[in-house]
Each structure stands twice: as C-alpha cells, then as structure tokens.
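Open the model in your viewer and keep the selection panel at hand.

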Amino acid sequence: MRTTVELAHASRLVNHGPTVLVTSAQGARRNVMAAAWSMPVEFTPPRVAVVIDKSTFTRELVLASGAFALNVPCRALADLTYTVGSTSGREAADAGSDKFARYRITTFDGPALGLPLVEGCVGWLECRLIAEPHAQQAYDTFFGEVVSAQADARVFADGRWSFDPARSELHTLHHLGGGVFAWPERSVRATLLPTTA
Ligand SMILES: Cc1cc2nc3c(=O)[nH]c(=O)nc-3n(C[C@H](O)[C@H](O)[C@H](O)COP(=O)(O)O)c2cc1C
C-alpha cells in the first residue's frame, strides 16, 4: 500500500502535527525515537524541523550521519511509539543491539538515503540534515531537507490525508502527554464565508 508522494506534497504528511518516529543510522548503528515536536517549515525545497533533545542517542547518530527520517505512525503503533519514546537506544547499542531488535520493529530501506523506515507507519520522509549549529545547540531544533516522501495509499491520496472512521487504526497519532494519544476521527471540508459588505 506504500506509494511515492510528490515532494511538493511532502509537507502535508506532517502538516497536521502528528507524533513522528525519528529514525537514524550511522554505519551499523541504527535507532528510533518518538518526537511530538516536528513541523514543515518550507515548501520548495520541502523542509521540516524536529526537536531532538541533547540527551538522546538519536541526536548523536543524526549529527554523525547528516540525515534522519520522520516516520508517521498510526493508532495501531501507539504502544511502539510510546516505548521508543521512553527508552534510549544508547544502552541497547552498548549491548550490541538496538531498539528495532529489542522490540521486534521491522524496517525497510528508504529509497533516497537508505535510512531505516518503520513498517506499519502511514507516512515516511527521508531528510538530509541542514547544518544549523546555533539552532541545534540553543533550541535542540534540527532542520532537514526532504529528499523522499512516501505514504500509505489507504489513508493518503491525491496529496492529502483521508481519514475514514472505519479505518481508525490507520489514523495518525497526536500526543496529549503522559503516553495518552488522540487520533483524528472525522474531517470537515470548509467553505469560504460569504462577504456581507
Ligand atoms: C510521545 C512522545 C513524544 C516525544 N517527543 C519528543 C520530542 O519532540 N523531542 C525530543 O527530543 N524527545 C521527545 N520524546 C522523548 C524521546 O523520544 C526519548 O528521550 C527517547 O528515549 C530518546 O531515544 P534515544 O536516546 O534512543 O534517541 C518524546 C517521547 C514520547 C513518548
């Protein structure tokens, strides 16, 4: 069900503020963490921002490799999302393992950069890190240029999400805090208000 998304529409994958999984790899070291704070910041070329705390193993791999991916998990992956956001891959790496193996998370290779992308997600963006040392140091904010975008065609088609209550296990996750998530259940098409004067 995976389909390529035009880069012109890549921003729509994270436009509505879903929690994402940040994946990274450097040599044999690979990792995945949850991030509630990510957003599109430019259309052309498509660029995104994500906050990656100084304490994380992810940050070490992103800085070493110059790349990261944003995976958009769905409701079916709520426990996985919470788990990889509550444990560090550093300890697993020291033991010669990683979170993918520890929690049986299956991946496929990103088409542009070969980054590990998480199976079962509904959107995937591979990004080249844009070096902004000041923002990284002062605000933990990392910028990336999107170089590949894919989505699950069952919930993202014609450049936008399409959420059907009958398939809510495929809807994106939005973190309310403390491991509690919400998901979008319905949508409404807005129309322009009539002018009166
Ligand atoms: C739902 C959720 C959202 C999170 N959002 C962020 C975030 O936006 N930025 C961040 O630095 N950490 C965030 N975290 C915490 C990291 O995922 C957590 O520190 C993780 O253990 C880091 O893993 P690592 O050391 O393997 O990279 C979040 C955690 C959860 C559960």
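Select α1 (57-65): Phe57, Thr58, Arg59, Leu61 and Val62 are buried there, meaning that 20 or more other C-beta atoms, placed from the backbone, lie within 10 Å of their own. Helices here are DSSP runs of H or I with at least four residues, strands are runs of E with at least two, and both are numbered from the N terminus. This is a predicted model, in which local features need pLDDT of at least 70 and side-chain atom pairs pLDDT 80 or more, while totals for chains, interfaces and linings use all residues. Residues are numbered from 1 along each chain as its sequence is written.

Now show what covers the buried residues of α1: the cover includes β2 (20-26), β3, β6 (67-72), α3, β9 (123-130) and β10 (141-152). Contact here means C-beta atoms, placed from the backbone, within 7 Å. Step past the end of α1 to glycine 66, whose phi is positive, near 75 degrees.

Next, select the ligand. Its surroundings comprise 21 residues, with Asp53, Thr58, Gly85, Ser88 and Gly89 the closest; the criterion is a C-beta atom, placed from the backbone, within 6 Å. β3 (29-35), α1 and α3 (89-94) each give two or more residues to this shell, and β3 gives the most, four.

Move to leucine 125. Leaving out residues up to four places away in sequence, leucine 125 touches Ala10, Leu13, Val48, Ala69, Leu70, Val146 and Ala149.

Finally, zoom out to the chain, which has five helices and 14 strands. The C-alpha trace spans about 65 × 35 × 30 Å along its principal axes. Of the 197 residues, 37% count as buried.

Definitions and conventions:
Buried ≥ 20, exposed ≤ 12 C-beta atoms within 10 Å, placed from the backbone. Contact = placed C-beta atoms within 7 Å.
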